[in-house]
Amino acid sequence: MAKKFVSILFLLCLVLLSCTQQNAQKNLFNGEDINNWLTEGSVAVSDSVIQVGNAGKITLKNEKFTDFELLLTARTVDNGKGEIRFHTDESGNGGYAVALNNDLENAQWWTKTGSLLSVRNLTKATVKNDEWFDIRIKVEGKKINVSVNNDLLVEYIEPANPYRTPENASQILSGGAVSVQSTEGTIEVKSIEITPLKAHKALIDIQLAEAIDESADDIIKLHQANFPVLDYHVHLKEDLTLDLAKSQSRKYGINYALAPNCGIGFPITNDAEVVEYLDKMEGQPFVQAMQGEGREWPVTFSKEIRDRFDYVFTDAMTFIDRKGNRTRLWIPDEVFIDDEQQYMDLIVEKIVMVMDEPMDVYVNPTFLPDAMNDRYDEFWTDERQNKVIEAMVRTNKVLEINHRYEIPNRSFIAKAKAAGLKFTFGTNNTNSDFGKLEYCIRMMKECGITAQDMYKPKMTE
């Protein structure tokens, strides 16, 4: 108990010491001129607003910052996109970049406002075009925090040996200038403030002890390769609360799509409960998906309500067998097998039928009951794989690569890719301990899945 008290007291002293060594807050834009800024391209001041047009740039003159807190009020005009760069050279090049991007239609849909680009890309826009928002960037020691409207979205600790591709070699904490840039269209800024900070070695040592070893981390490699990092199939279950999901997502650098189970006998059973759930999720940094349960879900929920989600998914694990038994394949007592090959044909038949349901993504694919799963490759013949893939192509469905069950197998995924299907990576977790999409990433590498092969949610506002 005494050691714990001393440790807490030590950290408190560090914080107080850091606060006493901060310099005064600096207002970098007074609403009238930008004399403190080096301008390039299309830049103007109008009605106390800096307008940074297509490919325009403003870079702070004669001041460099190492540790600081930057508060900027901005908006993206129409579908304008840009970046806030820090630790750049004197011309605003290099360094880290934080995205200003609320374009829901862009083909590169995984770099929304607040993204620490190529390090912690964000798939969900929490603010909208043409609306003012605050973005706060805090760099202290080895830690970078990014908040949008006071919601913490990025919490990254740069390790002692960060993984960087040659294209991103300048993304290293060092010190330098601050720059605001447009990459497409117009970005408007009406306030910029910065507060220098002072990080102490003891704090940096604590941060480095918490940092992820990026030499063994596939997630940073995906970000650096500009690949969308999204677990499309996460449930708030057991100990995984909304707050823990936020914290865990930030820690690992994996975006989550949250999916309530919707159907008769499940947590959400009607349209009104969907509305209540989505209202609670308004403004949260998660893609919103719906899992349709059982075979009744298409008539249990109206199309209008289903369309409020970013996408809808279901599986084929629940059906009525040839004897009229209600079957849930994951429950052994509900699986009645007389002839295994005939039962396998029934499973394929039910999967093909599910493809005509009004869903976007087929999840938990190729799942087999325990009594047959030890001979997965034997039952999933080429002919059966082809039947399912043909049905998916016909109905324009998306295939989940499932981490929890490690399905489908490599053969099925390769066939699906050759057929032109899109993919999602999903976990279908039961609690907060569900890994980092390891099976999905392995299949991505082995089957040559690219960013363009990944499914783009429709991203409702």
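Biologist: How do the residues lining the largest pocket divide by class?
Modeller: That lining has 14 nonpolar, 7 polar and 7 charged residues (nonpolar: Ala, Val, Leu, Ile, Met, Phe, Trp, Tyr, Cys and Pro; charged: Asp, Glu, Lys and Arg; polar: the others, Gly among them). This is a predicted model, in which local features need pLDDT of at least 70 and side-chain atom pairs count only at pLDDT 80 or more, while totals for chains, interfaces and linings use all residues. Residues are numbered from 1 along each chain as its sequence is written, and side-chain values use heavy atoms, leaving out hydrogens and water.

Biologist: What volume does the largest pocket have?
Modeller: Its volume is about 550 Å³. A pocket is an open set of points on a 1 Å grid over the protein atoms alone, with protein on both sides within 12 Å along at least five of seven lines; a cavity is a set where a 1.4 Å probe fits but cannot get out, and lining residues have an atom within 4 Å of a point. Points are joined across faces, edges and corners, and volume is the space filled by probe spheres set on them.

Biologist: Which residues lie nearest the centre of the pocket?
Modeller: His235, Lys237, Ala259, Pro260 and Asn261, out of 28 lining residues.

Biologist: And which helix gives the largest share of the lining?
Modeller: Helix H5, residues 271-281, with 5 residues. Helices (H or I, at least four residues) and strands (E, at least two) are DSSP runs, numbered from the N terminus.

Biologist: How many cavities of 30 Å³ or more are there?
Modeller: The structure holds 1. The largest cavity has a volume of about 40 Å³.

Biologist: What lines the largest cavity?
Modeller: Ala316, Met317, Leu329, Ile347, Ile351, Tyr362, Asn364, Pro365, Thr366 and Phe367. By class that is 8 nonpolar and 2 polar residues, with no charged ones.

Biologist: Different topic. How do H8 and H11 run relative to each other?
Modeller: The axes of H8 (residues 340-354) and H11 come within 9 Å and cross at roughly 10 degrees. That makes H8 roughly parallel to H11. Axes are lines fitted to C-alpha atoms, for helices over the stretch in contact, with angles from 0 to 180 degrees between N-to-C directions; under 35 degrees counts as roughly parallel, over 145 as roughly antiparallel, 65 to 115 as roughly perpendicular and the rest as oblique.

Biologist: Which residues meet there?
Modeller: On the H8 side, Gln341, Met344, Asp345, Val348, Ile351 and Val352; on the H11 side, Arg384, Lys387, Val388, Ala391 and Arg394. Contact means heavy atoms within 4.5 Å. The classes are 6 nonpolar, 1 polar and 4 charged.

Biologist: At what angle do H11 and H12 pack?
Modeller: About 40 degrees, with the axes of H11 (residues 382-395) and H12 (residues 410-418) 10 Å apart. H11 is therefore oblique to H12. Asp382, Gln385, Asn386, Val388 and Ile389 of H11 meet Ser411, Phe412, Lys415 and Ala416 of H12. That contact has 4 nonpolar, 3 polar and 2 charged residues.

Biologist: And how is H12 placed against H13?
Modeller: The axes of H12 and H13 (residues 438-447) come within 10 Å and cross at roughly 60 degrees. So H12 is oblique to H13. From H12, Arg410, Ile413, Ala414 and Lys417 meet Tyr439, Met443, Glu446 and Cys447 of H13. This contact has 5 nonpolar and 3 charged residues, and no polar ones.

Biologist: Backbone now. Where is the cis peptide bond?
Modeller: It joins Ile407 and Pro408, with omega about -5 degrees. Pro408 sits in the loop between strand S20 (398-402) and H12.

Biologist: What about phi at Asp78?
Modeller: Asp78 has a positive phi of about 55 degrees, although it is not a glycine. Asp78 belongs to strand S6, residues 68-88.
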